[in-house]
Amino acid sequence: MVDTGLRVLIVGAGIAGLAVARSLRVAGYRPDVVERHPAGPVAGAGIYLPGNALRALRELGLAEPLRPFGATIDRQVFRTAAGEPLCELDVAELWSGVGECRALSRADLHRVMLTGAGGAVRFGIGVTGLVPAGEAVDVSFSDGSAGVYDLVIGADGRRSTVRDLARLGGPAKPVGQFAYRSVISGAPGPKHWTALFGERAGFVAMPMGAGQVYCYAEEAVPPGAPAPQEPLCRFRELFGGYGDPVPGLLEAAEKVAVAVIEEVDIDRWYHGRVVLIGDAAHATSPNLAQGAAMALEDALVLADALVTTGAVPAALAVYEARRRPRTKWLLAQTRRRDRTRDLTPALRDPMIRRLGDQIFAGHYRRLLPPR
Ligand SMILES: Cc1cc2nc3c(=O)[nH]c(=O)nc-3n(C[C@H](O)[C@H](O)[C@H](O)COP(=O)(O)OP(=O)(O)OC[C@H]3O[C@@H](n4cnc5c(N)ncnc54)[C@H](O)[C@@H]3O)c2cc1C
């Protein structure tokens, strides 16, 4: 029988935390949610959501509220750094029957998810201590308060404090990649999601509605290299020689955020009554834009496991067993995608011209069926 009186704490009000809060509230639970950052708009430029993310949002009942935001992406166009055609992928066809692909602002996605979470989030509060106490966990918070919970869900991202406190694995590891992100207005962008492949670097631009273009660019670097101090200068320097539509976008860019890309690959996702979801459990390079989809799917599976098993230990075992093969496969695909980027253009570009549509569709093959 489902015990909706279970005392559940969700740490982190990002995509994973808000999705699991909604799933659990819909199932009748009343979780507490804490978020370290103060209330307000989230940082980060845009986000690209492939079809399986929209399928999960639909199951959460959030696809309709999101519809007014961003732009649908039907096609991916791949080019050389100079802008010559390599191949195209019909993503509307690839994800047909699953969900549409969308590019939108992170702030819009977060707002819709926060409303959808349907309950108060305690902002400005982090978790500072977790101590197992029989079939419960004693939790301390950064504001000096404390609580006792039957289940603690660590949805606190790739540098998860919950992962550290529960000794579920070491720190996130840099993969040797910087990512540059910018939302640009006032410059002609591409009609479709468009990627230009350079030497150990690449630039993606996509329409996100209202005359805005979301740009995501990456640069391979030695793991552990420090991020550039002047991201906008480095962004312009790195991609200055690229073909259309890059020059106009670089000129119009006002602000660029840089991120050091890290992976989380750990042996266990739960210990006792503490469990990890989303990036806290399995962050990867964002080159396949699957982080949000995996976080949303985790949330749905964990809530379903709690409802169907009716017991925390059994639910956590079911959750990890169901999710691990899919996220492991995805991690391998993201590494493969980085290796393809890092081939010399002389070797890579003819291969992409011949086989690119099959290679790129293949990166998503196992994600087409439901989680
Ligand atoms: C450069 C870049 C580009 C990306 N692009 C895409 C994309 O286009 N599409 C896509 O699907 N994915 C993309 N991703 C990946 C995606 O952003 C993540 O996979 C996704 O945000 C994971 O969600 P999450 O909720 O698990 O973690 P997060 O989004 O990191 O959320 C964690 C939350 O927990 C809070 N928190 C942290 N510690 C504590 C604590 N101790 N106590 C309380 N709260 C805490 C944080 O403030 C945060 O709000 C990208 C990632 C990067 C770095």
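Trainee: Is the crossing of α11 and α12 left-handed or right-handed?

Mentor: In this predicted model, the axes of helix α11 (residues 312-342) and helix α12 (residues 345-362) come within 12 Å and cross at roughly 165°. Angles over 145 degrees count as roughly antiparallel, so α11 is roughly antiparallel to α12. The handedness of the crossing of α11 and α12 is left-handed.

Trainee: Which residues of α12 make the contact with α11?

Mentor: From α11, the contact is made by Trp329, Gln333, Arg337, Thr340 and Arg341. The residues of the contact, taken over both helices, divide into 4 nonpolar, 3 polar and 3 charged. On the side of α12, the contact is made by Arg348, Met351, Ile352, Phe360 and Gly362.

Trainee: How are α10 and α11 oriented to each other, roughly parallel or roughly antiparallel?

Mentor: Two packed helices are described by the angle between their axes and the distance between the axes. For α10 and α11, the axes come within 8 Å and cross at roughly 155°, and the crossing is right-handed. Since angles over 145 degrees count as roughly antiparallel, α10 and α11 are therefore roughly antiparallel.

Trainee: How many residues of the contact of α10 with α11 are nonpolar?

Mentor: Among the residues of α10 that make the contact are Met294, Val301, Leu302 and Leu306. Those of α11 include Val312, Ala315, Leu316 and Leu330. Of the residues in the contact, 2 are polar and 6 are charged, while the number of nonpolar ones is 12.

Trainee: Which elements do the buried residues of α1 pack against?

Mentor: Helix α1 (residues 15-26) has 12 residues and reaches 17 Å from its first C-alpha to its last, close to the 16 Å expected. Because 10 of the 12 residues of α1 are buried, this helix is largely enclosed by the rest of the structure; Leu18, Val20 and Leu24 are among the buried ones. The elements that the buried residues of α1 pack against are β1 (8-11), β2 (32-35), α5 (106-117), β12 (151-154) and α10 (291-309).

Trainee: Which residue just after α2 takes a positive phi?

Mentor: Helix α2 (residues 51-59) is largely enclosed by the rest of the structure, because 7 of its 9 residues are buried. Its buried residues, including Asn52, Leu54 and Leu57, pack against β3 (46-49), α3 (63-66), β7 (101-105), α10 and α11. Just after α2, a positive phi of about 80° is taken by Gly61.

Trainee: Does Arg167 count as buried or exposed?

Mentor: Most residues other than glycine have a negative phi. Arg167 has a positive phi of about 50° although it is not a glycine, and its place is in the loop between α6 (161-165) and β13 (173-185). Exposed means over 50% relative accessible area, so at 76% relative accessibility Arg167 counts as exposed.

Trainee: In which loop is Arg200 found?

Mentor: Arg200 has a positive phi of about 50° although it is not a glycine. At 41% relative accessibility, Arg200 counts as partly exposed. The loop in which Arg200 is found is that between β14 (193-197) and β15 (201-207).

Trainee: What is the omega of the peptide bond from Asp244 to Pro245?

Mentor: Most peptide bonds are trans. Pro245 lies in the loop between α7 (231-239) and α8 (246-252). The peptide bond from Asp244 to Pro245 is cis, with omega near 5°.

How values were computed: Residues are numbered from 1 along each chain as its sequence is written. This is a predicted model: local features need pLDDT of at least 70, side-chain atom pairs count only at pLDDT 80 or more; totals for chains, interfaces and linings use all residues. Side-chain values use heavy atoms; hydrogens and water are left out. Axes are lines fitted to C-alpha atoms, for helices over the stretch in contact, and angles run from 0 to 180 degrees between N-to-C directions. Helices (H or I, at least four residues) and strands (E, at least two) are DSSP runs, numbered from the N terminus. Angles under 35 degrees count as roughly parallel, over 145 as roughly antiparallel, 65 to 115 as roughly perpendicular and the rest as oblique. A crossing is left-handed if the near helix is turned anticlockwise from the far one by less than a right angle, and right-handed if clockwise. Contact means heavy atoms within 4.5 Å. Ala, Val, Leu, Ile, Met, Phe, Trp, Tyr, Cys and Pro count as nonpolar, Asp, Glu, Lys and Arg as charged, and the others, Gly among them, as polar. The expected span of a helix is 1.5 Å times one less than its number of residues. Buried means under 20% relative accessible area, exposed over 50%, partly exposed in between (1.4 Å probe, protein chains only).
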